[in-house]
Amino acid sequence: MAEHAIHTSLPPAILFGGHENVVPLVRSFAARSIPVYVLNERWAEVGYCRHARRIRLPASVPYPRSATEFLIGPASDVLRGSVLLAGLDGEIEIIAKHRETLAEKFRLDLSNPVAQRMMLDKLATYQAARRAGVTIPRF
């Protein structure tokens, strides 16, 4: 796994979560010779995409916990410098929660973790919009 990442001029991409919605990303990155790793539920179809390398997690540990432990622990050191992209809301939350630790190892998107969490919490989004004077549906 690490050998491929070391010999390329572009950093690998780790697609964290997502299902069929991330398959186009896998194909697009692969077309640009960017190594693609998927970190996902064992059953996720994207892990079977011929252009992706599945990161295998222990079956005995629930996915969110095992994925988080992989990313923040030493097992992912071979992918240091990779671009880490979230495919679903749960993964966005994990990255936001562990942003400082993950940013020491991976390239992350430019984002505001507070705003990301608020965006994921629909009630908080409505309340922030109301405070900002934005017209919103009643809730």
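1. Asp77 is partly exposed in this predicted model, its relative accessible area being 34%. Arg80 likewise counts as partly exposed, at 49% relative accessibility, and the two residues form a salt bridge in which the closest N and O atoms are 3.5 Å apart.

2. Asp77 has a further partner in Lys105, and in this salt bridge the closest N and O atoms are 2.9 Å apart. The pair ties together distant parts of the chain, since Asp77 sits in the loop between α3 (63-72) and β4 (83-86), while Lys105 sits in the loop between α5 (99-103) and α6, 28 residues apart. Lys105 is buried, with a relative accessible area of 8%, which falls under the 20% cut-off for that class.

3. Arg99 and Asp109 form another salt bridge, for which the closest N and O atoms are 3.4 Å apart. Here too distant parts of the chain are linked, with Arg99 in helix α5 and Asp109 in the loop between α5 and α6, ten residues apart. Arg99 counts as buried at 15% relative accessibility, whereas Asp109 is partly exposed, with a relative accessible area of 33%.

4. On helix packing, the axes of α4 (residues 89-97) and α6 (residues 113-120) come within 10 Å and cross at roughly 150 degrees. The two helices are therefore roughly antiparallel to each other, because angles over 145 degrees are placed in that class; as to handedness, α4 passes α6 in a left-handed crossing. The contact involves Asp89, Ile92, Glu93, Ala96 and Lys97 from α4, together with Pro113, Gln116, Arg117 and Leu120 from α6. Sorted by class, the residues of this contact are four nonpolar, one polar and four charged.

5. What are the buried residues of α4? They are Glu91, Ile92, Ile94, Ile95 and Ala96, so a reader inspecting this helix will find a glutamate listed together with isoleucines and an alanine. The elements against which these buried residues pack are β1 (13-16), α3, β4, α5 and α6.

6. The next helix pair is α6 with α7 (residues 122-131), whose axes are 5 Å apart and which pack at an angle of about 110 degrees. That angle makes α6 roughly perpendicular to α7, because the class runs from 65 to 115 degrees. Met118, Met119 and Leu120 make the contact on the α6 side, and Lys122, Ala124, Thr125, Ala128 and Arg131 make it on the α7 side. By class, these residues divide into five nonpolar, one polar and two charged.

7. One backbone detail deserves a look when the model is opened: Ser33 has a positive phi of about 60 degrees, although it is not a glycine. Ser33 lies in the loop between α2 (23-31) and β2 (36-39), and at 54% relative accessibility it counts as exposed.

8. Finally, for the chain overall, the secondary structure comes to seven helices and four strands, and from the N terminus on the elements run α-β-α-β-β-α-β-α-α-α-α. The C-alpha atoms fill a box of roughly 50 × 30 × 30 Å, taken along the principal axes, and buried residues make up 40% of the 139 residues. Among contacts between residues at least 6 apart in sequence, 50% join residues at least 24 apart.

Definitions and conventions: Residues are numbered from 1 along each chain as its sequence is written. This is a predicted model: local features need pLDDT of at least 70, side-chain atom pairs count only at pLDDT 80 or more; totals for chains, interfaces and linings use all residues. Side-chain values use heavy atoms; hydrogens and water are left out. Axes are lines fitted to C-alpha atoms, for helices over the stretch in contact, and angles run from 0 to 180 degrees between N-to-C directions. Angles under 35 degrees count as roughly parallel, over 145 as roughly antiparallel, 65 to 115 as roughly perpendicular and the rest as oblique. A crossing is left-handed if the near helix is turned anticlockwise from the far one by less than a right angle, and right-handed if clockwise. Contact means heavy atoms within 4.5 Å. Ala, Val, Leu, Ile, Met, Phe, Trp, Tyr, Cys and Pro count as nonpolar, Asp, Glu, Lys and Arg as charged, and the others, Gly among them, as polar. A salt bridge is a side-chain nitrogen of Lys or Arg within 4 Å of a carboxyl oxygen of Asp or Glu. Buried means under 20% relative accessible area, exposed over 50%, partly exposed in between (1.4 Å probe, protein chains only).
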